[in-house]
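Q: I am new to this structure and would like to learn how to read a few of its features. Could we go through them one at a time?

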Amino acid sequence: MKSTASFRTLLFVAGFVTITACAPQPVQRAPQPSQTRPTAALPETSARRSPQQQRVGDENHPKLLQRYGGVYDDPELTAYVNGLGRDLAAVSEQPNEKWTFTVLDNPTVNAFAIPGGYVYVTRGLVSLANSEAELAGVIGHEIGHVTAGHSSLRQERSTIAQGALLGALILGKVLGAGDDALRSGAQIGQAVAGGYLANYSRADELAADNLGIRYLARAGYDPYAQADFLESMGASQALDAKMTGRSYNPNATNFLASHPANGPRTRQAIAVAQNSGETIPAGAPRNRSSFLRVIDGITYGDSPEQGFVRGSNFSHPVLRFSYDSPRGFRILNSSAAVVAQGPNNARFVLDGGKNPQGDLTTYIRREWVPTIGQKYRVGRVRNVVSRPINGLEAASAEVPVQIGNQAFNALLVAIRLDGKLYRLTGLSPQGQNLIPAMRQAANTFRRLSVGEAARLKPQLLEVVTVRAGDTVESLARRMKVPGEFAIDRFRVLNALERGDRLTPGERVKVIR
């Protein structure tokens, strides 16, 4: 959650775009002839953009920056990514057009492009990559979507399933956002969910694969790095599922069905490029050392301005508050709200609103609930209570809400802290009886002392040199991650398989 002077609720897209992967395939450096036979011609591209395409990008760039946490403040990394992007754009079909490459201050593993030559990668994605060539593979693929005009051609389609955008509207209304805020959020949500980040067809993705390989080859990178990065993404997805007790189905994820290709698709794209006369550099350097030098010390996970998720706890060192989510819920943090996802569409949401005048029970009865009722059917408000929470002025109520075909019991908790209004909304599917656990979680909301806030520091990605006697296990134990998952996280971060050993002198990433 962003620290702003006042919280005006923007829509929180509940299924926000996170880079996901289809089933990772082993990377084969010497493919069989049947695997290299091109099945597609080189895609059509344009050397010029229309004024409309450029205008779409120019208008939506600031909205996407707001939606994804803004630009990550690291001049060296910014210059590095810009240089890498420019080198790839220079060998594309649009070397003389405007290109903008942005590292977003967002911990998720994500990348996308919009018309007008705007290409975005998150610092979460940068942290997962293990070489410049892997990062170039992601950027080259996104450049391919722009030069082929995919985003412009498919603006009527949705990147996120329509149900996810509906989920955002539901949350926006249940949280009580006013019409102006909803319209503002909808513009951002539609930019994200409605075509600028298009849900590309398989043909579009194969075209972007082919173009990305073309640019990688022309820029002198090892194109097989694309497939290696995909394997890291698949491993990261599987670990995230394991940490939250969810099953992981790589075929059910939605981005690298759509993004830098898996092993077979990479090999096919390389074959297409070779067939067109491109020279594929054999054993090209991946520039791992220079890449690790640049990313050493970047923020890992949430930043202080967004607040920190630590297991089931969310703490904001700038706004100086902390609370716990219900047990078994997974917290997702955004610039607009903090959402803890539970079973069967259960949600526990923190956001902020305009601080009302007067009693908070009156605010709940006369403003919050009626706003919900403008869109959804609500029942009788009950259990209205005005009671301090850890010394803070607070009030709560419960109300049944019908959202689509699903009935919920909603817990509404309003809290004042330092002249700001914070709202905790619990949505418990009827029959689940989660309201007591949600109320208990709301009662953990408290002010942080100056000292407590000062002790909250972001996690950093640190690059260390392996010394004699260091092992995967010994280095993992020193990381600031949950102990039971530290070894798995270390392996994922460094693209290590089970059984892989470390060599003294090599450089690896750790979380400190």
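## Reading charged pairs and burial

A: Exposed means over 50% relative accessible area, buried under 20%, and partly exposed in between, using a 1.4 Å probe and protein chains only. This is a predicted model, in which local features need pLDDT of at least 70, side-chain atom pairs count only at pLDDT 80 or more, and totals for chains, interfaces and linings use all residues. Residues are numbered from 1 along each chain as its sequence is written, and side-chain values use heavy atoms, with hydrogens and water left out.

Q: Which side chain meets that of R498 in a salt bridge?

A: Side chains of opposite charge can pair when their charged atoms come close. A salt bridge is a side-chain nitrogen of Lys or Arg within 4 Å of a carboxyl oxygen of Asp or Glu. Here the partner of R498 is D488, at 3.6 Å from N to O. The pair links distant parts of the chain, ten residues apart: D488 lies in helix α17, and R498 in the loop between α17 (486–493) and β18 (507–511). Helices (H or I, at least four residues) and strands (E, at least two) are DSSP runs, numbered from the N terminus. D488 counts as buried, at 14% relative accessibility.

Q: How many salt bridges are found in the whole structure?

A: The search finds 17. One of them joins the side chains of D222 and R286, at 3.1 Å from N to O. These two are 64 residues apart, with D222 in the loop between α9 (202–218) and α10 (225–243), and R286 in the loop between α11 (263–275) and α12 (288–295). D222 is buried at 9%, and R286 is buried at 19%. Together with D228, D222 and R286 are linked in a network of salt bridges.

Q: Is R467, which pairs with D470, buried or exposed?

A: R467 counts as exposed, at 53% relative accessibility. D470 is buried, at 11%. Their side chains meet in a salt bridge of 3.9 Å, N to O.

Q: Where is Q459 placed, and what does its side chain reach?

A: Q459 is in strand β17 (residues 459–465) and is buried, with a relative accessible area of 13%. Its side chain reaches the backbone oxygen of K480 at 2.4 Å. Contact means heavy atoms within 4.5 Å. Leaving aside neighbours within four places in sequence, the contacts of Q459 include I298, Y300, R310 and K480.

Note on methods: Polar contact = N/O pair within 3.5 Å; in protein donor to acceptor, adjacent residues only side chain to side chain.
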